Amino acid sequence: MFVDKRRNEELEILELDIQKMIFEFIGGLGIFLFGIKYMGDGLQRSAGDKLRDILDKFTTNPLMGVLAGVIVTVLIQSSSGTTVITVGLVSAGFMSLRQAIGVIMGANIGTTVTAFIIGIKVSDYALPIIAVGAILLFFFKNKRIHNIGQIVFGFGALFFGLELMGDGMKPLRTLEAFHDLTVSMSTNPLLGVVVGTLFTVIVQSSSATIGILQELFGQGLIDINAALPVLFGDNIGTTITAVLASIGASIAARRAALTHVIFNLIGTTIFLIFLPIFTSFMLYLQGALNLNPEMTIAFAHGTFNFTNTLIQLPFIGFLAFIVTKLIPGEDSVIEYKTKHLDPIFIEQSSSIALGQAKEEVLRMGQFATIGLEAARDYQATYSQKNADTAMQLEDAINNLDRKITDYLILISRSEMSPTESEEHSMLMDTVRDIERIGDHIENVVELVGYQLTNKVKLTDSAKKDLEDMFELTIQTLKDSVTALDDKDTALASKVLKSEEQIDKMERTLRKKHIMRINEGSCTGSAGIVFVDIISNLERIGDHSVNIAEAVLGYRD
């Protein structure tokens, strides 16, 4: 009886330890992931909206693409984040596939910074660091200090979470099943790769899984022969985020995501072939540089990604060829970049420079027209693809707005004739009008999104009314852009008459919808969506008139 009682107590203690181990591990993992994300967000805010500019300006060749990938990944503390941004930019036509491959390679190098930070071993000071971050967050109003506080708080949370995970993993040394697994991974590297890949796919963060690996190695729970294959698997697993981001995206985006997978698979294959040599090299580095176990894994991570990039960098063209063959097809790409704004024209002739600026303004107008058509299709079909297209085009319009405005400001510093000055003012105003049209298109997309999210139903009569108003507004916008292109005063006059029809239609449809609500055939929520959509279409009509009036010379 005494023996049974003692056995029950031992079982309760073991059960309590397992519960404590699981709670500390998952809680620590949660805090670690929060710390990484929070720190990355703080770094990103400190950098401002420069990430796209970095990727735009510094991807002129593969080597610069790698550098851009490193910088952006260090700024946001996530290779997956950089790859997702890159996939989005490729999808939007902001960069080519070859440029994207360089950025992806750089992202793999940039992500090793987190492992080196962990290797410094400042976990003893995690709580004071969190306290400093909290003070900066809650006792200072300055936005810059607030961002620094977020970085510091996230940095401390990262180490506190890591320490909790480490405490949770300590009892693993007593589990025979874990011991058997590590022995199997030491003798069978492929098993280690599979374990690392699956774990990273589940956690969705290679920084977290490599941090866990550093803790396991630091506590002697896993030897280097098992740790290195797991490390390779972590690098393969991190590609899943970009793969998920590319589902349903453009062909170019899917190719970029597949490149990330192939890049890490090739690297893992090479390193598995030379695993004994790599293991010996890491043990030599550990002894020569007197590295702690955590820093040893950080160096292994850095060496793997740097060497992998060095090996594959000359073959970027070949990688692009492979993924193009694996994912065939032509992609309709929205070209964000300007095509005509060369500063050299400003030095040569203001007139030529204004002509080039006008070409870009017309591209803006075409983007606005296609975007409005996509918004109409989204309202009619509720297909997310149409919403994405409209939002990408709105983004392209904003980008062109900034670039054209900067170019026109440069032109204004040159000497211009009265006619050129008039043309310059007209283009400045037109750019502003088209940018505002883009904003109204975005509003329409968001209203339809709200309608879908909240299951707001429009009657068939309301849908038909919206369809009619969309058609009239789209045609009016098209006519205003064509009138601007051809300086067609007759067409510009037609736009003025069409806008009067839009105004009249907006008033009529508003009254009709109020009647539907009063009759009980339409809900109040549907009424708000309907009225807001037609109001935005009416405003697009107003901006179309502004463009037409500029053609007619009515503008002051």
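N536 is found in helix α24, where helices are DSSP runs of H or I of at least four residues, strands are E runs of at least two, and both are numbered from the N terminus. At 9% relative accessibility N536 counts as buried, a term that means under 20% relative accessible area, with exposed meaning over 50% and partly exposed in between, for a 1.4 Å probe and protein chains only. When residues up to four places away in sequence are not counted, N536 touches H440, N443, V444 and L447, contact being defined as heavy atoms within 4.5 Å.

The model is predicted, so local features need pLDDT of at least 70 and side-chain atom pairs count only at pLDDT 80 or more, whereas totals for chains, interfaces and linings use all residues. Residues are numbered from 1 along each chain as its sequence is written, and side-chain values use heavy atoms, with hydrogens and water left out.

## The chain as a whole

The chain holds 24 helices and 0 strands, and of its 556 residues 50% are buried. Among contacts between residues at least 6 apart in sequence, 81% join residues at least 24 apart.

## Nonpolar cores

A nonpolar core is a set of buried Ala, Val, Leu, Ile, Met, Phe, Trp, Tyr and Cys residues joined through side-chain atoms within 4.5 Å. The largest such core has 65 residues, of which L372, I404, L408, F530 and I533 touch the most other members. The elements giving two or more residues to this core are α19 (350–381), α20 (384–412), α21 (418–453), α22 (460–486), α23 (489–519) and α24 (524–552), and the largest share, 13 residues, comes from α24.

With neighbours within four places in sequence left aside, I404 is in contact with L341, E360, V361, M364 and V431. Apart from this core lies another, of 44 residues, among them L29, A126, L291 and A298.

## Two helix pairs

Helix α12 (residues 224–237) packs against helix α16 (residues 293–312) at an angle of about 50°, with their axes 11 Å apart; axes are lines fitted to C-alpha atoms, for helices over the stretch in contact, and angles run from 0 to 180 degrees between N-to-C directions. That angle makes α12 oblique to α16, because angles under 35 degrees count as roughly parallel, over 145 as roughly antiparallel, 65 to 115 as roughly perpendicular and the rest as oblique. I224, A227, L228, L231, F232 and N235 of α12 meet T296, I297, A300, H301, F304 and N305 of α16. By class, this contact of α12 with α16 has 8 nonpolar, 4 polar and no charged residues, where Ala, Val, Leu, Ile, Met, Phe, Trp, Tyr, Cys and Pro count as nonpolar, Asp, Glu, Lys and Arg as charged, and the others, Gly among them, as polar.

Helix α6 (residues 112–119) and helix α11 (residues 206–218) pack at an angle of about 30°, with their axes 10 Å apart. Their contact is made by T114, A115, I118 and G119 of α6 together with S207, I210, G211 and Q214 of α11, and by class it has 3 nonpolar, 5 polar and no charged residues.

## Positive phi in two loops

N290, although not a glycine, has a positive phi of about 55°; N290 lies in the loop between α15 (275–288) and α16, and at 69% relative accessibility it counts as exposed.

K487 is not a glycine either, and has a positive phi of about 55°. The place of K487 is in the loop between α22 and α23, and K487 counts as exposed at 55% relative accessibility.
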